Amino acid sequence: MTYVAATDRYDRMPYRRCGRSGLLLPAVSLGLWHNFGHDRPLDGQREILRRAFDLGVTHFDLANNYGPPYGSAEENFGRIMRSDLAPYRDELIISTKAGYDMWPGPYGEWGSRKYVLASLDQSLGRMELDYVDIFYSHRLDPDTPLEETMGALDTAVRQGKALYAGISSYSAERTEEAARILRELGTPLLIHQPSYSMLNRWVEPDLLEVLGREGIGSIVFSPLGQGMLTDKYLDGIPQGSRASQGKSLDPEFLNEDNLARVRALNEIAGRRGQTLAQLAVAWVLRDPRVTSALIGASSVPQLEDNVAALDRLDFSPEELAEIDRYAVDSGINLWARSSGA
């Protein structure tokens, strides 16, 4: 059945300016890190992507090694682009990344020019796209000059294979350095993608300060704390969950101290008329330097629940103060080594 996008898709989604650029991003974007590989039925993926666009989610975020297996999320997204979303290409922001391991040998990961540009060509081939809107350096390479990695992003933009350049998980200091290099090359740094949640506040204050000063946007990933900031783990680890499968959520994170914080935050969410997940998304968006919150979804109802966070974005000073009692760094930042701090 031919897909026709909802006519009211832009009526309720707020769009935020990405730093000082001309680009607007939806307040909630959809990431394809999990649930879009060959281990999931394509029809379910299609339903999620269709519904996301109908809700005004115009930004879909990928990386070369999303799956499983590596590359399969891009392949599946490419199939759905061709069958459903191709007529709307100019209404979409599609991003991908290079930095983590993708293929064997010395040229299959990190930040060399060889790897970064080869990876982008492979990603475009898998998605059957002429260009992506944003191309990221997925992590800092401590052994490659930053000038080389940023130079590769600049080349990708100048070749027309990407419209904008981004970085992910870089420290404040290395972000400032990357911004300077790209500015001198004539390709401004559009956006930074860091992990950020009520249990992982490493971006405060240094990184957000740099982003605000440099006019760089941000899209925060794992705003739900790898799933901890949902009602899923309030009473233990359910079968089939990320923690039970060892997928980016270490069961050791679910210790009594962290669970006590999560339960307290869940009570605050209930008093606000929100689910814990909705509170978590709304909370990261409270800062105007955060352009978009990047969520995942394994089903249409989960997607709809998370997007509904946008119905209540206001916080009183008293609510923020109470949240701060429990929203503390909880040792769950899996990407700290990637920042180059």
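## Overall make-up

Welcome to this chain, which holds 11 helices and 10 strands (DSSP runs, with helices being H or I of at least four residues and strands E of at least two, numbered from the N terminus). This is a predicted model, in which local features need pLDDT of at least 70, side-chain atom pairs count only at pLDDT 80 or more, and totals for chains, interfaces and linings use all residues. Residues are numbered from 1 along each chain as its sequence is written, and side-chain values use heavy atoms, leaving out hydrogens and water.

## Size and packing

The C-alpha atoms fill a box of roughly 50 × 50 × 40 Å along the principal axes. For 341 residues, a compact globule would have a radius of gyration near 20 Å, and the chain agrees with its 19 Å (taken over C-alpha atoms; the globule rule is 2.2 Å times the number of residues to the power 0.38).

Of the 341 residues, 58% count as buried, meaning under 20% relative accessible area with a 1.4 Å probe, protein chains only. Looking at contacts (heavy atoms within 4.5 Å) between residues at least 6 apart in sequence, 76% join residues at least 24 apart.

## Charges

There are 36 positive and 48 negative side chains, and the centres of the two sets lie 2 Å apart. Lys and Arg count as positive, Asp and Glu as negative, while His and the chain ends are not counted.

## A look at strand β7

Ser137 has Ile167 of β7 as its bridge partner.

Methods:
Buried means under 20% relative accessible area, exposed over 50%, partly exposed in between (1.4 Å probe, protein chains only). The place of a charge is taken as NZ of Lys, CZ of Arg, CG of Asp or CD of Glu. Two strands pair if DSSP finds at least two bridges between them.
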